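Subject: Handing over the structure

Dear colleague,

Please keep it open while you read.

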Amino acid sequence: MPMGSNHDHDHSRMPAAPTKALGIAFAITAVVFFGELAGGLISGSLALLSDAMHMLSDSAGLIIALVASIVGKRAASGRATYGHRRIEVMAALINAVTVTGVVVWILVQAIGRVGGDHSIDTNVMLGVALVGLVANAASAWVLSRAAGDSLNVRGALLHVMADMLGSVAVIVAAVVIKMTGWLAADTVASLIIVALVLPRSLQLLWQSAEVLLERAPRGVDTQEIQESLEAVPGVLAVHDLHVWSTDGVTPLATCHIVVDGDNDISCGVLDRAQAKLREFGIEHSTIQLETPDHQSHEHTC
């Protein structure tokens, strides 16, 4: 009786993040960054400069995501048996940390400007923000079409969506200042950018950390999976069940299944167990079949 088996699902065939979408988004983001930086310096708008700094972090993040996407396409090897998809998760983690750092910088600058005396060219501020909004919308559209298959691309999309909201805040602030002369609207817009970006960056930070910690993917109930496997005909017990993901998208599983060694049912049990795992979205699984007397000879974890 075969004591261990797995089906022929190749890790190297997992879809990699689309480099074309990331490349287009990077080109757009880099152009908008230089535009907002120049516009912020000319106009004196902290909100525009804040958004430019956020665009800078996005540009760096997209470069990281692009490199991770290219590396992530490399096939599995004798040393990298799962391929290189986890590099994309590391890139998403770096992106999240970078955004969080920029948000803190914006917050400090905004607080420091409260009560200060400064002038703002609202025409430049408004014009640059409008261009930024259109460019960010284009980047978001490109990335959204590919975000479902990669945590890395989701991280890049997070940056761009936050930039869109930041551009809207800058536009509103420019209009308010132009119509009322209330310069504090610029600082308020900066704080709004902080409020919009920080929760999302922290969420991505935690999601990436969960993958690197090899926690069970969100939405996966390991207790329910174990109970379902134990209900498979021919299964006496299930132990050492592990569910994790290398890329934050595709769940993987390993487990030990105890079967009755007196009956020739092992192959049927294996097929039924793998079919049960597929019901939970787990296409790749490694299952060790064993008899009741084998468990005393192994260390469980």
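A residue is called buried here when its relative accessible area is under 20%, exposed when that value is over 50%, and partly exposed in between. With that in mind, please note that you are looking at a predicted model, so that the word describes computed positions. In helix 7, which spans residues 222-230, the buried residues include Ile 225, Ser 228 and Leu 229. Around the axis these residues cover an arc of only 95 degrees, which places them on the same side of helix 7. At the start of helix 7, Asp 221 brings a side-chain oxygen to within 3.0 Å of the backbone nitrogen of Gln 223.

Overall picture

The protein has 301 residues, of which 46% count as buried, and it contains eight helices and four strands. Followed along the sequence, these elements come in the order β-α-α-α-α-α-α-α-β-β-α-β.

Confidence

Since the model is predicted, its confidence values deserve attention before the details. The mean pLDDT of the protein is 78, and 81% of the residues reach 70 or more. Confidence is lowest in strand 1 (residues 4-6), where the mean is 46, and highest in helix 7, where it is 92. Over residues 1-17 the pLDDT is below 50, although this stretch has 52 contacts in the model beyond near neighbours in sequence.

The strands

Strand 2 (residues 235-245) and strand 3 are paired in the antiparallel sense, with eight bridges between them. Along this pairing, Ala 237 stands opposite Val 258 of strand 3, and Ser 245 stands opposite Pro 251, which also belongs to strand 3. The hairpin formed by strand 2 and strand 3 has five residues between the strands, and in this hairpin Gly 248 takes a positive phi near 85 degrees.

Strand 3 also pairs with strand 4 (residues 284-290), in this case in the parallel sense and over seven bridges. Within that pairing, Gln 288 of strand 4 is the bridge partner of His 256.

How enclosed are these strands? In strand 3 (residues 251-259), eight of the nine residues are buried, and the strand is therefore largely enclosed by the rest of the structure. In strand 2, eight of the 11 residues are buried, so that this strand, too, is largely enclosed by the rest of the structure.

Asp 240 is a residue other than glycine, yet its phi is positive, near 55 degrees. Asp 240 is found in strand 2, and it counts as buried because its relative accessible area is 11%, which lies under the 20% cut-off.

Glu 214 is not a glycine either, and it has a positive phi of about 60 degrees. Glu 214 sits in the loop between helix 6 (184-212) and helix 7. Its relative accessibility is 46%, and Glu 214 therefore counts as partly exposed.

The aromatic pair

How many aromatic pairs does a search of the whole structure find? The search finds one. In this pair the rings of Phe 33 and Phe 34 have their centres 5.0 Å apart and their planes at 55 degrees, so the pair is described as tilted. As for accessibility, Phe 33 is buried, with a relative accessible area of 8%, whereas Phe 34 is exposed, with a relative accessible area of 58%.

A residue of helix 5

Finally, Val 168 lies in helix 5, which covers residues 151-180. With a relative accessibility of 38%, Val 168 counts as partly exposed. Val 168 and Ile 193 are 25 residues apart in sequence, and from C-alpha to C-alpha they are 9.5 Å apart in space.

With kind regards

Terms used:
Residues are numbered from 1 along each chain as its sequence is written. This is a predicted model: local features need pLDDT of at least 70, side-chain atom pairs count only at pLDDT 80 or more; totals for chains, interfaces and linings use all residues. Side-chain values use heavy atoms; hydrogens and water are left out. Buried means under 20% relative accessible area, exposed over 50%, partly exposed in between (1.4 Å probe, protein chains only). Helices (H or I, at least four residues) and strands (E, at least two) are DSSP runs, numbered from the N terminus. The arc is that of the directions from the helix axis to the C-beta atoms. A polar contact is a pair of N or O atoms within 3.5 Å; within protein, one must be able to donate a hydrogen and the other to accept it, and residues adjacent in sequence count only if both atoms are side-chain atoms. Two strands pair if DSSP finds at least two bridges between them. Rings of Phe, Tyr and Trp (its six-membered ring) pair if their centres lie within 6.5 Å; planes under 30 degrees apart count as stacked, over 60 as edge-to-face and the rest as tilted. pLDDT is the predictor's confidence in each residue, from 0 to 100. Contact means heavy atoms within 4.5 Å.
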